[in-house]
Amino acid sequence: MSIHDLLALITFAFVTSVTPGPNNMMLLASGANFGFRRTIPHMLGIGIGFTFMVALVGVGLMQVFDAVPISYTILKVVSVAYLLWLAWKIANSATPETQQAKVRPMTFVQAALFQWVNPKAWTMALSAITLYAPERLLISVLLVAIVFGSVNLPSVSLWTVLGQQLQRFLQSPASLRAFNWIMAGLLVLTLWPTLTT
């Protein structure tokens with residue numbers, strides 16, 4: 001891969017990682033509800049889980065999807081259902097009696113596994129391999145995965161910091177509840193590209 005291609009890949013990784021999507025909406029909500037430190041496992045789960053996903057897509061999963069086209073539809077249905085459930089959980093996460101006792105931020109494993117039902121993550125992974133490792137050589141696939149892993153974690157962390165900064169404006173249960181409903185709505189809106197393709 002040339003320097004020009006590498007810079008293009010880094011730019012692609014940054015733009016796709018930092019723009020709004022399910023991961024970033026959930027990190028914004030988590031930062032506002034739990035703070036930066038408690039959201040670190042969630043961020044690491046996204047960064048490492050997505051890097052692993054890109055590698056697996058590049059070394060063979062793309063061929064499975066190409067060979068079984070119905071799998072795209074199945075993935076879309078499962079992804080939409082899961083994201084709607086997550087939106088409901090976010091919308092209802094700020095009740096005063098449950099905020100401290102029952103509600104917890106997403107764990108590392110949950111965040112890593114979430115990448116497999118995240119429509120934006122699938123689009124990013126498939127596009128990255130198609131554009132930057134079209135021959136699907138192992139070295140090229142690993143380079144794409146490493147670049148995404150290096151760029152993704154700092155990019156998504158910005159959303160957690162933004163959420164944490166919003167905490168000072170969300171001191172009352174009513175304002176936190178309203179914020180979480182807005183975040184749930186935005187999470188549902190991230191499904192629009194999936195539902196229109």
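## Helix α8

In this predicted model, helix α8 has 17 residues (173-189), which at 1.5 Å a residue should span 24 Å; the end C-alpha atoms are 24 Å apart, in agreement. The expected span is 1.5 Å times one less than the number of residues, and helices are DSSP runs of H or I with at least four residues, numbered from the N terminus.

Leu-176, Phe-179, Asn-180, Met-183, Ala-184 and Leu-187 of α8 are buried. They lie on the same side of α8, because the arc they cover around the axis is only 140°. That arc is taken from the directions from the helix axis to the C-beta atoms. Ala-174, Trp-181, Ile-182 and Leu-189 are exposed, on the face turned away from the buried side of α8. Buried means under 20% relative accessible area, exposed over 50%, and partly exposed in between, with a 1.4 Å probe and protein chains only.

## Basis of the values

Residues are numbered from 1 along each chain as its sequence is written, and side-chain values use heavy atoms, with hydrogens and water left out. As the model is predicted, local features need pLDDT of at least 70 and side-chain atom pairs count only at pLDDT 80 or more, while totals for chains, interfaces and linings use all residues.

## Helix α6

The 14 residues of α6 should span 20 Å at 1.5 Å a residue, which agrees with the 20 Å between its end C-alpha atoms. This helix is mostly covered, with ten of its 14 residues buried. The buried residues of α6 are Pro-119, Lys-120, Ala-121, Trp-122, Met-124, Ala-125, Leu-126, Ala-128, Ile-129 and Tyr-132.

## Aromatic pairs

The whole structure holds four aromatic pairs. Phe-12 and Phe-148 make an edge-to-face pair, with 6.0 Å from centre to centre and 85° between the planes. Phe-12 belongs to helix α1 and Phe-148 to helix α7, so this pair ties together parts 136 residues apart in sequence. Phe-148 counts as buried because its relative accessibility is 0%. Trp-116 and Trp-122 are also edge-to-face, because their ring centres are 5.6 Å apart and their planes stand at 70°. Rings of Phe, Tyr and Trp (its six-membered ring) pair if their centres lie within 6.5 Å; planes under 30 degrees apart count as stacked, over 60 as edge-to-face and the rest as tilted.

Trp-116 is partly exposed at 23% relative accessibility, whereas Trp-122 is buried at 7%. Ring pairs also join Phe-12, Phe-50, Tyr-132 and Phe-148 into a cluster.

A cavity is a set of points on a 1 Å grid over the protein atoms alone where a 1.4 Å probe fits but cannot get out; lining residues have an atom within 4 Å of a point.

The lining of the largest cavity has 16 residues, and Thr-16, Asn-23, Asn-118, Lys-120 and Met-124 lie nearest its centre. Two or more lining residues come from each of α1 (3-18), α2 (22-67), α6 (119-132) and α7 (138-166). The most come from α2, with five residues. By class, six lining residues are nonpolar, nine polar and one charged. Ala, Val, Leu, Ile, Met, Phe, Trp, Tyr, Cys and Pro count as nonpolar, Asp, Glu, Lys and Arg as charged, and the others, Gly among them, as polar.

## Phe-52

Phe-52 lies in helix α2 and is exposed, with a relative accessible area of 52%. Between Phe-52 and Ser-175 there are 37 Å in space, C-alpha to C-alpha, and the two are 123 residues apart in sequence.

Methods
On a 1 Å grid over the protein atoms alone, a cavity is a set of points where a 1.4 Å probe fits but cannot get out, and a pocket is an open set with protein on both sides within 12 Å along at least five of seven lines; lining residues have an atom within 4 Å of a point.
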